[in-house]
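This note concerns the salt bridges of the structure shown below. Please read the points alongside the model.

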Amino acid sequence: MATLAGSRVPLAEAAVLRTLLLGWVLLQVAGAAGTRDVVAAYNLTWKSTNFKTILEWEPKPINHVYTVEISPRLGNWKSKCFYTTDTECDLTDEVVKDVTGTYMARVSSYLANATSSAGDPPFTNAPEFTPFLETNLSQPTIQSFEQVGTKLNVTVQDARTLVRVNGTYLSLRDVFGKNLSYMLYYWKASSTGKKTAKTNTSEFLIDVDKGEDYCFNVQAVIPSRKTNQKSPESPIECTSQHKAVSRETLVVIGVVVIVVIISIIILAVSLYKCRKVRSGRLGKEHAPLRTV
């Protein structure tokens, strides 16, 4: 009997172990069934111009949704774009708080109809992003230009950003200061040979040949950067000395015409008054004498 009792103990332990193993397998199967349709995001990419910053990723969800989280380096994670079916998230409001800082982001995937998540959802980390070093520069705008004699003056309009200080949006010049330069590419309208000029302000004043028309465009540059140094070039503008002369001539002709017209009117009025006076005198001379 002792032998039989002793053999039952190992058998009972084996049954418990089999039960625990079966339970663990069932849990794994259930977990796999609950997450088999969740697709982790991939190809996470930052898109940023003048600090307007959007995180994009793939794929377009079919039966799941995404939530984005962002954090400064060594900071706390903040959730954005909760349970979205979009594949992009605007993170501008977060990165403009400190454009010189470095940010981390991640995209988590959830089942679309899930009310709660069993365990941590699959997520994908984005590359680190430093706005001051990586945001793209927009195409510059030429505010005004004028060619007078041998001087060509070109003024560039500093683009506005979404960076705010005391409720005021800053320009690129406000943010980058002397780190921001402009390149001017200019050439005679009758030639293809280009010349360049550089300024750390927003204005160019260069020497040109008198009487020659010039074409030009500008480009924003941050030389201190290793990448994303240059913006797209602005549309080409051209001066026209002949048109300027024609306009001046038209103004002179217009003034002369006005003076002539005024003189004719004054002369006509004077002649009319003179004739009226003469008619009055002649009328009195030929009038019959009154008899008393």
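The numbered points cover the basis of the values and then individual salt bridges.

1. The model is predicted: local features need pLDDT of at least 70, side-chain atom pairs count only at pLDDT 80 or more, and totals for chains, interfaces and linings use all residues. Residues are numbered from 1 along each chain as its sequence is written, and side-chain values use heavy atoms, with hydrogens and water left out.

2. A search of the whole structure finds eight salt bridges, each defined as a side-chain nitrogen of Lys or Arg within 4 Å of a carboxyl oxygen of Asp or Glu.

3. E69 and R106 form a salt bridge with an N to O distance of 2.9 Å. Because E69 belongs to strand β3 (residues 64-72) and R106 to strand β6 (residues 103-111), the pair ties together parts 37 residues apart in sequence. Strands (E, at least two residues) and helices (H or I, at least four) are DSSP runs, numbered from the N terminus. Both E69 and R106 are buried; buried means under 20% relative accessible area, exposed over 50%, and partly exposed in between (1.4 Å probe, protein chains only).

4. E94 and K78 meet in a salt bridge at 3.0 Å, N to O. E94 lies in helix α2 (residues 92-95) and K78 in strand β4 (residues 78-84), so this contact links parts 16 residues apart in sequence. E94 is buried at 10% relative accessibility, whereas K78 is partly exposed at 38%.

5. K188 pairs with D209 in a salt bridge, their closest N and O atoms being 2.8 Å apart. K188 lies in strand β12 (residues 181-188) and D209 in the loop between β14 (203-207) and β15 (214-221), so parts 21 residues apart in sequence are tied together. K188 is partly exposed, at 28% relative accessible area, and D209 is partly exposed at 36%.

6. Salt bridges with shared partners join K78, K80, E94 and K97 into one network.
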